[in-house]
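Subject: Handing over the structure

Hi,

Here is the structure I said I would pass on to you. Have a look at it first, and then read on for what I found in it.

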Amino acid sequence: MIKRRDRHGRGLRGRLATPNPYTGTLVPVAREVAPAVFFTRCVTDALAQVSRACPQALASMDVGVEDVPPATQAWVDRVPLAAAVSATPSANGQVVVFRRPIERRARTRAGLRILVYRTIVEQLSEATGIPLDEIDPAGHRDDEDD
């Protein structure tokens, strides 16, 4: 039986893979993307999809991401997923997507992508007055929940 060195229960030490025998380079170990980085990519992808389908929905809108909604708001039954403010003649409209509540509601990363997209589409529709069918002509909001 091979004894492995595992001081203080911290796990294996050293290399996890030996070098490639043909090239001599180390085999890369894939790492999962951090949740915050993945969420930002989901928001960016959703905005790109909206931009292709309905660019006027983003014309005078600023979109941002916050970890949690501010505690100054009074929540009735549920924690909000996002907040939207309509544009005025002197200022752009704003959509703020809250990362933690959305991540808690999605079971998988695919479900997170869908939920982020749906949330952004609904908030843009509410803030701009553009119907959902124009912002999302393919009707992705009717996909199955994950």
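The protein has 4 helices and 3 strands, and please keep in mind that this is a predicted model. Going from the N terminus, the order of elements is α-β-β-β-α-α-α. Of the 146 residues in the protein, 26% are buried. As for contacts between residues at least 6 apart in sequence, 61% of them join residues at least 24 apart.

Let's take the strands to begin with. E1 and E3 run parallel and are joined by 6 bridges. Val65 is a handy place to look, with Val97 of E3 as its bridge partner. E2 and E3, on the other hand, run antiparallel, with 4 bridges between them. There you can look at Ala83, whose bridge partner in E3 is Val96.

Next, helix H1. With 19 residues at 1.5 Å a residue, H1 should span 27 Å, and the distance between its end C-alpha atoms agrees, at 27 Å. Which residues of H1 are buried? They are Phe38, Phe39, Cys42, Val43, Ala46, Leu47 and Val50. The buried residues of H1 pack against E1, strand E3 (93-98), H2, H3 and helix H4 (132-135).

The largest nonpolar core holds 24 residues, and Val116, Ile120 and Ile135 are the ones with the most contacts inside it. H1, E3 and H3 are the elements that give two or more residues to this core. H3 gives the most, with 8 residues.

Now the charged pairs. How many salt bridges does the structure hold? The count is 4. Here are three of them, with some context for each:

- Glu32 and Arg109 form a salt bridge through their side chains, at 3.4 Å from N to O. Glu32 is in the segment before helix H1 (35-53) and Arg109 is in helix H3 (residues 109-128), so this pair ties together parts 77 residues apart in sequence. Glu32 counts as exposed at 68% relative accessibility, while Arg109 is partly exposed at 32%.
- Asp45 and Arg113 form another, at 2.8 Å from N to O. Because Asp45 belongs to helix H1 and Arg113 to helix H3, the pair ties together parts that are 68 residues apart in sequence. Asp45 is partly exposed, at 38% relative accessibility, and Arg113 is partly exposed too, at 35%.
- Arg99 and Asp67 also meet in a salt bridge, at 3.0 Å from N to O. Arg99 lies in helix H2 (residues 99-105), and Asp67 lies in the loop between strand E1 (61-66) and strand E2 (82-85), so parts 32 residues apart in sequence are tied together. Is Arg99 buried or exposed? Arg99 is buried, with a relative accessible area of 9%, whereas Asp67 is partly exposed at 40%.

Last, the cysteines. A disulfide, in general, is a covalent bond between the sulfur atoms of two cysteines. The structure holds 0 disulfides. Cys42 is buried, with a relative accessible area of 3%, and Cys54 counts as buried as well, at 1%.

That's what I have for now. Happy browsing!

Technical notes. Residues are numbered from 1 along each chain as its sequence is written. This is a predicted model: local features need pLDDT of at least 70, side-chain atom pairs count only at pLDDT 80 or more; totals for chains, interfaces and linings use all residues. Side-chain values use heavy atoms; hydrogens and water are left out. Buried means under 20% relative accessible area, exposed over 50%, partly exposed in between (1.4 Å probe, protein chains only). The expected span of a helix is 1.5 Å times one less than its number of residues. Contact means heavy atoms within 4.5 Å. A disulfide is a pair of cysteine sulfur atoms within 2.5 Å. Two strands pair if DSSP finds at least two bridges between them. A nonpolar core is a set of buried Ala, Val, Leu, Ile, Met, Phe, Trp, Tyr and Cys residues joined through side-chain atoms within 4.5 Å.
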